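Okay, thanks for coming, everyone.

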Amino acid sequence: MPDPWESLHTTALLGTDRRPLPPSDPAGDSPAHQAVDRTDPATALLELAALETVRRRAGALPAPAGEPLPDPAPEDGRPELPAPAARRLSLLLGTRGSGGGTATLANLTELLPQWLLTARARGHRPPAALVPALLDAARARSELRPDAVALAGPLGRWLAARNPDWRFVLRTTAGTPAGPAAPGDDHLWHEGLFAERVTHLTLLRRTDPAAGLALLRSTWPTERAEDRLLFLDALQEGLSLADEPFLEEALGDRSKNVRATAAELLSTLPGSTLAGRMAERARAAVRLADRGTHLLVTPPAACDPAMQRDGIPLKSPTGRGERAWWFGEVIAAAPLALWQASTGLAPDRLLALRVGDSIDETNSSWADDLREAWARAAVRQQDADWARALLGPAPAPAPDHRRARPPRTTGAPAKLLSVLPPAERAAWTAAFIEVHGLGEAFQLLGACATPWTPPLSTAVVAALARAAASGAYPWSHSGVLGMTERALAPETADAVEALAAGTAPATAWAETFARLAGTLRFRAAMLAELGA
């Protein structure tokens, strides 16, 4: 028999004027069907369709059983977030920086990284209902992933295995209890996606560096050059002299980028054979004059095959002069300890010496090259004594109260600052800002741990007050202001509110200070809810 629903569907498509309604069947139709008034075909069609819909639904059979339900997510023994903190997380995940009383605050999504870091450190787990939104946020912002994945915990990994949009969770080295790589589990290494393999190797290097190196060695000859490069980066985890034989072999790799990365890793190991070879070249390039009053520089005359194998390119990628380029690469890769051992002088004494050419001792053109290379070596080898000497003492006001010029430091000061302990970084930067203001402090502030220490925060607030009084516009310090919303110590909220009250109303600075004060109050409440 024809399907009544299909017949009605065809009539509706063609129109009742072109296709009549199905005839009534007194023997087969229900009383309700028979009671339909067919005087108006269009109305009758709708009534018949409604009746047929009820009939079809009432007569539907249950669908066959599908796949068995998966096992539930593993238990998470961490305590759940306090209710106020959970509400705050919901706001941070859904806010767009306006509405709901937040119009005077910064873009609250920029506070999410600090919230996640603090919650993770406190060992909390989020309510299960918020985990999907948390993973969506981490999917959109890769910088959130380590903390978001750690916070989501076992439930996050369970969900990620069932939603392709969240597969990044399985590739994130969050260091969660559910995430460490098992030394004997090589399935992911041989069959996983590239990012999953990098994650597996990184986690394995954290727990068992020797097993990680053995796993990398097992497939090294068959890996693509671009993959070999990133696998080498993973060896930074747990790097030691035990990795030296493998890295020495990588110096002969067919990819120049792999060779360069292997050489840089070896140069961070002061006891490596490559570091020893660079030390010999550095001794030949720089020596203390007989009178001990200055340093004499003899840059390499050529870049021989041995130097090229040790990671020194024949040509500078920036077009720098060849001898200056080779000289800088040698000094930057040599162990810094050799200079005190060969001259008997501490870093600050060495940096105070005049630099001359071995042919013309009055030619000081190599001084900047030498200091820049030493700065690169200090960052690469994480040598705080050298970084401290290269930065110089914290700036101090000029005795005659004239505006002091920013100190001249070779290399990137922010990178040198990053080598120092956090408290020392903050103190040096605070002194710089007190003397020189915010104009050249953006990168220095970025090198400081957040939230900033109270002295550094106080120095920044005072500098902002001076900028407002000088007639400068807030947008001329937009980078620093954006940073202050996330990094200023919340305890400075009172001082910022005082600035807002003391600034002419309805001005850009008044609005800026009011918004900043509101954000600091918000952060203070946020951290208090987490017990921080």
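Let's start with a quick one: the charged end of arginine 228 sits over the ring of which residue? It's tryptophan 220, and the charged end is 5.8 Å from the ring centre. By "sits over" I mean that NZ of Lys or CZ of Arg is within 6 Å of the ring centre and within 35 degrees of the ring normal.

Before I go on, this is a predicted model: local features need pLDDT of at least 70, side-chain atom pairs count only at pLDDT 80 or more, and totals for chains, interfaces and linings use all residues. Residues are numbered from 1 along each chain as its sequence is written, and side-chain values use heavy atoms, with hydrogens and water left out.

Okay, aromatic rings. A pair of them is described by the distance of the centres and the angle of the planes. Rings of Phe, Tyr and Trp (for Trp, its six-membered ring) pair if their centres lie within 6.5 Å; planes under 30 degrees apart are stacked, over 60 edge-to-face, and the rest tilted. That rule gives nine aromatic pairs here. Take phenylalanine 194 and phenylalanine 231: their centres are 5.4 Å apart and their planes are at 50 degrees, so that pair is tilted. Phenylalanine 194 is in helix α9 (residues 194-207) and phenylalanine 231 is in helix α11 (residues 225-234), so the pair links distant parts of the chain, 37 residues apart. Helices, by the way, are DSSP runs of H or I with at least four residues, numbered from the N terminus.

Is phenylalanine 231 buried or exposed? Buried, at 0% relative accessibility, while phenylalanine 194 is partly exposed at 27%. Buried means under 20% relative accessible area, exposed means over 50%, and partly exposed is in between, using a 1.4 Å probe and protein chains only.

Now zoom out to the helices themselves. α9 and α11 pack at about 25 degrees, with their axes 9 Å apart. Axes are lines fitted to C-alpha atoms over the stretch in contact, and angles run from 0 to 180 degrees between N-to-C directions. So α9 is roughly parallel to α11; that label is for angles under 35 degrees, with over 145 roughly antiparallel, 65 to 115 roughly perpendicular and the rest oblique. Among the residues that meet there are Leu201 in α9 and Leu230 in α11.

Compare helix α24 (residues 454-469) and helix α27 (residues 508-529): about 160 degrees, axes 11 Å apart. That makes α24 roughly antiparallel to α27. The contact (heavy atoms within 4.5 Å) is made by Leu464, Ala467 and Ala468 of α24 and Trp509, Phe513 and Leu516 of α27.

Last stop, the loops. Proline 451 is in the loop between α23 (442-446) and α24, and the peptide bond from threonine 450 to proline 451 is cis, with omega near -5 degrees. Alanine 506 is in the loop between α26 (493-502) and α27. Its phi is near 60 degrees, a positive value in a residue other than glycine, and alanine 506 is exposed, at 87% relative accessible area. Glutamine 382, in the loop between α19 and α20 (384-391), also has a positive phi, near 50 degrees.

That's my tour, thanks!

How values were computed
Helices (H or I, at least four residues) and strands (E, at least two) are DSSP runs, numbered from the N terminus.
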